[in-house]
Amino acid sequence: MEVEKIENTTVKKAKGDNWLKGIYAFLCLISIVETYSASSRDISDNVLTPLLKQLAIMGTGVAIVWGVQKINCAKLHLPSLIFSAITLVLLVMLLFFGQSISDANRSLDLKVFTIQPIEMAKISVVFILSFIFASSMKQTRTKNMERTEPINQNGFIACIITIAVFAGLLFKQGMTSTILFMVISFILMILGGATGRQLLKMIAVYACIAGAVFAVSYINKTSSLEESGVADSGFRDDTWKSRIKDFTDDWFGEPLWNKPETGKNSQKMHAYMAQAHGYIFGQGPGQSRETATLSLASSDYVFSIIIEEWGFLGGVVLIMLYFGILFRAGKIAKRCSRAYPAMLTMGMAVMIVLQAIFHIAINIGLFPVSGQTLPLISKGGTSIWVISIAFGVMLSVSRTGAEESKNVPGVMKAGNLLQEEEK
């Protein structure tokens, strides 16, 4: 603990959670090692170029963590909402000016650097929903005791509108990301004390959104077929259907290892080969043979390369690290005196862990193929910076979330339901 003296009074200044700092540092180290290991496909003039680039991105991420964790969590609501507003603008721009990757607009070229608004959207959902939930919880007093009521009807409607807006902007760009933030919002609703009826309503809204999208897709495809002879829905439903069909064929049809290698299944085949080659203890850092054939070895399939180099035990340790984030976030959330910081820290942890689960599930064949990075490890700028913001927020809450103050913003008035449940 740091010690500050104010007017002859010794005051202890809280530091951020050391376990979260350690996990962040360890994940960064894994990223640097695996980026260098998988750089055989990225070499241009110098073998160190990909590594130096990743080090620069990681350095920026560390600076983001340091800067965000210095902010008192009671003051995070305004910058977080500004960040979310910028994200919405970028998502709209992505629809019209985005760079297409795998038939979807995924990145924006801002001249100075390229950014992926989809990654920003994941954390923006947590920011907005945490604000809505905390500001929609009514603080009541009975028999000299304060009690926090769960999210009210207005808050629930605001939540549904938020989900609908993000779903509309993201659905065409990536189904997995859309599913991810819907699951995040559902878990946050549970943490926010939503009633069973509200949760059922939310599921119904999800179903309506999906039904509306597929209805529009069918109408557009029929109209396009009549006018030009080519069925084009304007969405990526053919891609989704193809991936789901391939996924079910792998499970219930002829085994993948009995099929000839094609451009369509090459990535999956070599990912499975990498995992099989890892055995229990792995081949050692830099000893992967599949990085030369996996074009996405340092991003979408980095978990397979980690298994190949560090083995089954290395994969188990990595999974434990991610669930360690969720465990520490739960500890921090329970210490918070107010709902807003508790929702923030749990939302950030859930986002990181769910994204990791999706990435791992895709790599081992438990989920249809889709581009999903492994948090803080996969090569890339926007994803690492966003996850760094999430860590910074959790560390900020761990420093200041337990503080009591009479002069807190309105969004910070509601008490923490996790604490009240224990009482």
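**Close-up views of a predicted model**

View 1. Helix α11 is where Ala 361 is found, in a model that is predicted rather than determined by experiment. With a relative accessibility of 14%, Ala 361 counts as buried, because the limit for a buried residue is a relative accessible area under 20%. When neighbours within four places in sequence are left aside, the residues in contact with Ala 361 are Leu 366 and Phe 367. Phe 303 stands 58 residues away from Ala 361 in sequence, and the C-alpha atoms of these two residues are 9.9 Å apart in space.

**View 2. The whole chain, as context for the close-ups.** The protein chain has 13 helices and seven strands, and 50% of its 423 residues are buried. Of the contacts in the protein chain between residues at least 6 apart in sequence, 70% join residues at least 24 apart. The average pLDDT of the protein chain is 80, and 78% of the residues score at least 70. Over residues 1-12, by contrast, pLDDT stays under 50, and for this stretch the model has 16 contacts beyond four places in sequence.

**View 3. The aromatic pair of Tyr 24 and Phe 391.** Three aromatic pairs are found when the whole structure is searched. In the pair formed by Tyr 24 and Phe 391, the ring centres are 5.1 Å apart and the planes stand at 65°, so the arrangement is edge-to-face. Tyr 24 belongs to helix α1 (residues 18-37) and Phe 391 to helix α12 (residues 382-400), and the pair thus links distant parts of the chain, 367 residues apart. Tyr 24 and Phe 391 are both buried.

**View 4. The aromatic pair of Phe 83 and Phe 127.** The rings of Phe 83 and Phe 127 are also edge-to-face, because their planes stand at 80°, with the ring centres 5.9 Å apart. Since Phe 83 lies in helix α3 (residues 77-97) and Phe 127 in helix α4 (residues 117-135), the pair ties together parts that are 44 residues apart in sequence. Both Phe 83 and Phe 127 are buried.

**View 5. Helices α4 and α12 in contact.** Two packed helices are described by the angle between their axes and by the distance between the axes. For α4 and α12, the axes come within 8 Å and cross at roughly 20°. The two helices, α4 and α12, are therefore roughly parallel to each other, as angles under 35 degrees count as roughly parallel. On the α4 side the contact is made by Glu 119, Met 120, Ile 123 and Phe 127, and on the α12 side by Thr 382, Ser 383, Val 386, Ile 389, Ala 390 and Val 393. By residue class, the contact of α4 with α12 divides into seven nonpolar residues, two polar and one charged. Phe 127, one of the α4 residues in this contact, is also a partner in the aromatic pair with Phe 83.

**View 6. Ser 130, a buried residue of helix α4.** Ser 130 has its place in helix α4, and with a relative accessible area of 0% this residue is buried. Not counting residues up to four places away in sequence, Ser 130 touches Tyr 340, Met 343 and Leu 344.

**View 7. Ile 179 in helix α6.** Ile 179 has its place in helix α6 (residues 175-191), where a relative accessibility of 30% makes Ile 179 count as partly exposed. Tyr 206 is 27 residues from Ile 179 along the chain, and the C-alpha atoms of the two are separated by 9.6 Å.

**View 8. Two loop residues with positive phi.** Most residues other than glycine have a negative phi. Tyr 279 has a phi near 55°, a positive value in a residue other than glycine, and is found in the loop between α9 (266-278) and α10 (302-335). With a relative accessible area of 57%, Tyr 279 is exposed. Leu 376, for which phi is near 70° and likewise positive, has its place in the loop between α11 (339-363) and α12. With a relative accessible area of 1%, Leu 376 is buried.

How values were computed: Residues are numbered from 1 along each chain as its sequence is written. This is a predicted model: local features need pLDDT of at least 70, side-chain atom pairs count only at pLDDT 80 or more; totals for chains, interfaces and linings use all residues. Side-chain values use heavy atoms; hydrogens and water are left out. Rings of Phe, Tyr and Trp (its six-membered ring) pair if their centres lie within 6.5 Å; planes under 30 degrees apart count as stacked, over 60 as edge-to-face and the rest as tilted. Helices (H or I, at least four residues) and strands (E, at least two) are DSSP runs, numbered from the N terminus. Buried means under 20% relative accessible area, exposed over 50%, partly exposed in between (1.4 Å probe, protein chains only). Contact means heavy atoms within 4.5 Å. Axes are lines fitted to C-alpha atoms, for helices over the stretch in contact, and angles run from 0 to 180 degrees between N-to-C directions. Angles under 35 degrees count as roughly parallel, over 145 as roughly antiparallel, 65 to 115 as roughly perpendicular and the rest as oblique. Ala, Val, Leu, Ile, Met, Phe, Trp, Tyr, Cys and Pro count as nonpolar, Asp, Glu, Lys and Arg as charged, and the others, Gly among them, as polar. pLDDT is the predictor's confidence in each residue, from 0 to 100.
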